[in-house]
There are 2 protein chains.
Amino acid sequence: METTQKLVEIRKKMTASGIDAYFIPMTDPHMGEYVPDRWKTIQWLTGFTGSAGNVLITKDFAGLWTDSRYFLQAEDQLENSGFELVKLKIPHTPEYIDWLEETLDKGASLAFDGEVVSTGISNMFSDRLAPVGIKINSEVDLYSELWVNRPKMPLGMIYEHDVEYAGLTRTEKIEQIREEMRQEGVGYHVLTSLDDIAWTFNIRGRDVNYSPLVIAYAVVSLKDTWLFINVDKIPELLGNKLLYDKVKILDYDWVYEFLKSIKVGSTVFLSQTSVNTRLYNSVVTVCRIRDGVSIPTSLKSIKNPVELGHIEKLMVKDGVALSRFFYWLEQNIEKERITELSASGKLEDFRAEQDNFMGPSFATIAGYKDHGAIIHYEPNLKTDVALEPDGLFLLDSGGQYLDGTTDTTRTVSLGNPTMEEKRDFTLVLKGTIQLAMTRFPRGTKGYQIEPFARRALWDYGMNYGHGTGHGVGFFLNVHEGPQTIGSSASGSRDIPLEPGMLISDEPGIYKEGKYGIRTENLVVVERSEETEFGVFNRFKTVTLCYIDTQLIDTDLFLPAEKDWLNEYHKRVFSEISPFLNRKERKWLKKKTLPV
Amino acid sequence: METTQKLVEIRKKMTASGIDAYFIPMTDPHMGEYVPDRWKTIQWLTGFTGSAGNVLITKDFAGLWTDSRYFLQAEDQLENSGFELVKLKIPHTPEYIDWLEETLDKGASLAFDGEVVSTGISNMFSDRLAPVGIKINSEVDLYSELWVNRPKMPLGMIYEHDVEYAGLTRTEKIEQIREEMRQEGVGYHVLTSLDDIAWTFNIRGRDVNYSPLVIAYAVVSLKDTWLFINVDKIPELLGNKLLYDKVKILDYDWVYEFLKSIKVGSTVFLSQTSVNTRLYNSVVTVCRIRDGVSIPTSLKSIKNPVELGHIEKLMVKDGVALSRFFYWLEQNIEKERITELSASGKLEDFRAEQDNFMGPSFATIAGYKDHGAIIHYEPNLKTDVALEPDGLFLLDSGGQYLDGTTDTTRTVSLGNPTMEEKRDFTLVLKGTIQLAMTRFPRGTKGYQIEPFARRALWDYGMNYGHGTGHGVGFFLNVHEGPQTIGSSASGSRDIPLEPGMLISDEPGIYKEGKYGIRTENLVVVERSEETEFGVFNRFKTVTLCYIDTQLIDTDLFLPAEKDWLNEYHKRVFSEISPFLNRKERKWLKKKTLPV
């Protein structure tokens, strides 16, 4: 079906059902970061392939709201689709609700498919539109019938994430969850985030790009545990183990009926920002709701000692892969054609040589020169360029391993570093180091230390438009909450940084048309000391990869920063070099010489 | 009447009216920081003279909730009063509401006098207690009838704050307020904070300790302005000027009836945290309420150019007084008996020599040795001690002048500085300096830069338990919102630091039984520069008083910190010395030598 024809058909259905506005978000029933093809409704309907957007259709308007990253792409892809690009003023805000409030008349009706709309967004619709007399129907799917060849539910087999890596058995984890539930006075906990479920049951799968997730729901009561999943995806041995561990397995689609059957008056804990509206409505009719950060999200944010042990070793493996890659790049840049894309592929090859490698943890950002200034740049066949022995190359990549998840950014000079590049690189690096060196009282939240990463740039009238740190999963999502190191203090970001949390430290600077610079390490929060003023925590930098000293202007360094870098480089060399060949080792020695 | 008898009488009245719990806060109808004697109900009833506390009375319990600053004092003062001390776990939180929720049965009734309870607190009562079936009556005054010789409403005459100081006439200010009201779509603005009213009308008075305030209410509509005040307090000339400026003067008590008479359906802007419940209820019956930071509060937080000009000159005067005081102290400490109290008096004498001095801006904190560790220490006849040529002396003081308000803390060594004192002093000073040197993007809030003031202490496992900066009025309250530099981001603190704001920079360290150290300067936010990354702001330190270099361990200083201090001392000497005599000048030269 032509794109414009799909729009015509949807409008016909709207007229038939008396719907004035129809809303389609870019989310799936689990509100994950990477949406499986089955739920790429906006792409099917409009042709737009960006990762953020929302669609509204009325009788005489059809629009896609997206942010500035995608303005050019959307204009291109929406041409002749019948959809207009609506430019978001502020990224990630529901400005389409403002539009609805201004556009719809009293008595008009808005509809959407509640299975793919989060309860948080539904509530915003209700809060804003119901008072002005707009009717809302959250149970209208106008697209499935029209979607010929819609991708099926992913059918990959799941597998066990061994306790040797996970550190705790699923029985132990479920008991931890129940302990929290008892303390909170909660009878049922509904789990809908796929990483919560994978963590809780020590299972992994292949249903989502970049993250080893399994499409499923789960419910934990004080006595029982239910996993809602397509049973065909469970290998027999694992199925038996789950049964042995008293996990009741029910079909994926049964979750809605199951929730309606929970004893009237029970207290049910769920997270409104990640629970879809259909699911929420199934619960709310019979139960009291407790809203908050889900218990597995809180529990897994603090890595257990087994996980922390793996992370240390993992960082050596990942560091070896990165070192080999950068060595290879330096040796071959003048010998063969290397592009952003081929370099990304080569880096994946080096990671694949390491034990337990399962794939990249996100789409590699390989930005040469001006491409580095595009914060979410991901090279494709259209944009790909060859690397030359000149200018800056920003490489942000990570791996999924059975023993953890990595995320590292390095910016290297491929040749002829300029004064401006050196100054900017050094200021960014001062930020990475200053944050890494921070010691802070227990209870400190990410936003309270973030300025340490920005200060050197601020001093020179510079800044960057993204957060400084995100949590990282353990062989799970590379972006994992609830902790962040950001500049805002709203919502779940108001979470203290606690020992065992794994988090990124990644300030940057982006100069349009010129270059981008970012230096990103992962750090683990650990206890520092207890004094008469209380308990203090600090970070341990765990990522092991040299930092390009050619780009450092040591005059801008404080003595403590210089010491930090030299200590770090000593550690990088001593940990990584045993796994390198003679030539690589010699090269790394040079790369890690004291400044 | 005996204290216990008062309690008996109140309980009789409770029984007669069917009241199960009676609440008395330590606030007045205007929710100011310094409560006039007329509203010191808790002191009259219980004998407790502390500055923070709340009272609850039931049939079989009478308690005073206060924070750890006052535990010893309250235990002492409440003895045989019939009131028990209830220790707050977290200062400034309404833990008495938890107690009520736990103690009162369904159907019980809570009463209070809404004229002295803020709408914010009333709402907390309603939100927490109404759902559990407790009835709330906000119109019950059980104490006035019993209060023999209750202090009268202050009757001091008001006076004009000349436009030469204020920078804008009242007509111009009212027009600014109306401009904001039009933009907000508001018909009436109710002003209840005394500093808002004093600022708006360019009037000052003597009704409140330490702040030149006048007890009054005001209402501004898009066309008219009403001032509710005891007319006997207005000198004839000023009264004529107010009438000429179209200010309608009505009696103070008429505000409640007036508010009830506002046209039904009007939109009324007020600030729930500072409006008392009786007043709020007078409005809410007929109007739509818009809640927020009041417009005068926002407007006056940004000092106008005339005010800023005065502040620069004022700081010279105040610095001269401080310099003379410290010179006198050094010359006389071994010659005569000087105590915390007599030193405070002497400092006030030096300030009184300066033009336009009107009185201290708060009770001087003069803490010698271990007294310095008590954050809100205010010497009295019982605690006063003599200063000796040994140990640390913390002095936090300020003046009210027609041309502005000051607030300065200096900690000096009176002799034999120890290594620990020097280290701690230097770490605190690094905080003062680091915050003062900060440059930050437009839109940055106080909590986003506060960590710069704490970092040096954190590095040594130390910290302090108060905020780092508060706004300061212009010949108004020494603590003035809405901006702060604190560690929390909640509520009105989420306010960007904008050019023209005057704010304190005052980290500290407090070692119980040993000493307290704080170095406080006032800083003004000013524009720094505009780059491709946006507009940047910075601070200008305006307080001019030497910092005790005997206490500095320069090894702990970064080069930029040393440069800052030497530049600052150069400025202090050049600005202050012309107003000193030869001996004082020579002494200040030494005090301000480069480190």
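B:Lys511 and B:Asp424 are both buried (under 20% relative accessible area with a 1.4 Å probe and protein chains only; over 50% is exposed, and partly exposed lies in between). The model is predicted, so local features need pLDDT of at least 70 and side-chain atom pairs count only at pLDDT 80 or more, while totals for chains, interfaces and linings use all residues. Residues are numbered from 1 along each chain as its sequence is written, chains are lettered from A and ligands numbered from 1 in the order in which they are written, and side-chain values use heavy atoms, with hydrogens and water left out.

Stay on the opening pair. B:Lys511 forms a salt bridge with B:Asp424, with 2.8 Å between the closest N and O atoms (the term requires a side-chain nitrogen of Lys or Arg within 4 Å of a carboxyl oxygen of Asp or Glu). The two residues are 87 residues apart and link distant parts of the chain: B:Lys511 is in strand β25 (residues 508-511) of chain B, and B:Asp424 is in helix α15 (residues 419-437) of chain B. Helices (H or I, at least four residues) and strands (E, at least two) are DSSP runs, numbered from the N terminus.

Next, select A:Asp390 and A:Lys369. Their closest N and O atoms are 2.8 Å apart in a salt bridge. Both residues are in the loop between β16 (365-368) and β17 (392-397) of chain A, 21 residues apart.

Go to B:Lys40 and B:Asp37, whose side chains form a salt bridge of 3.1 Å, N to O. B:Lys40 is partly exposed, at 28%, as is B:Asp37, at 46%. Over all chains the count is 80 salt bridges.

Now select the sheet in chain B. It is open, with three strands in the order β15-β18-β19 and antiparallel pairing (two strands pair if DSSP finds at least two bridges between them). Its edge strands are β15 (357-360) and β19 (404-405) of chain B, each pairing on one side only. β15(B) and β18 (residues 399-401) of chain B are joined by three bridges. Within this sheet, B:Pro360 is opposite B:Gly399 in β18(B).

Helix α13 (residues 305-332) of chain B lies across β18 and β19 of chain B, at about 135 degrees to β18(B). Angles run from 0 to 180 degrees between N-to-C directions, and axes are lines fitted to C-alpha atoms, for helices over the stretch in contact (heavy atoms within 4.5 Å). Helix α14 (residues 340-352) of chain B lies across β15 and β18 of chain B, at about 165 degrees to β15(B).
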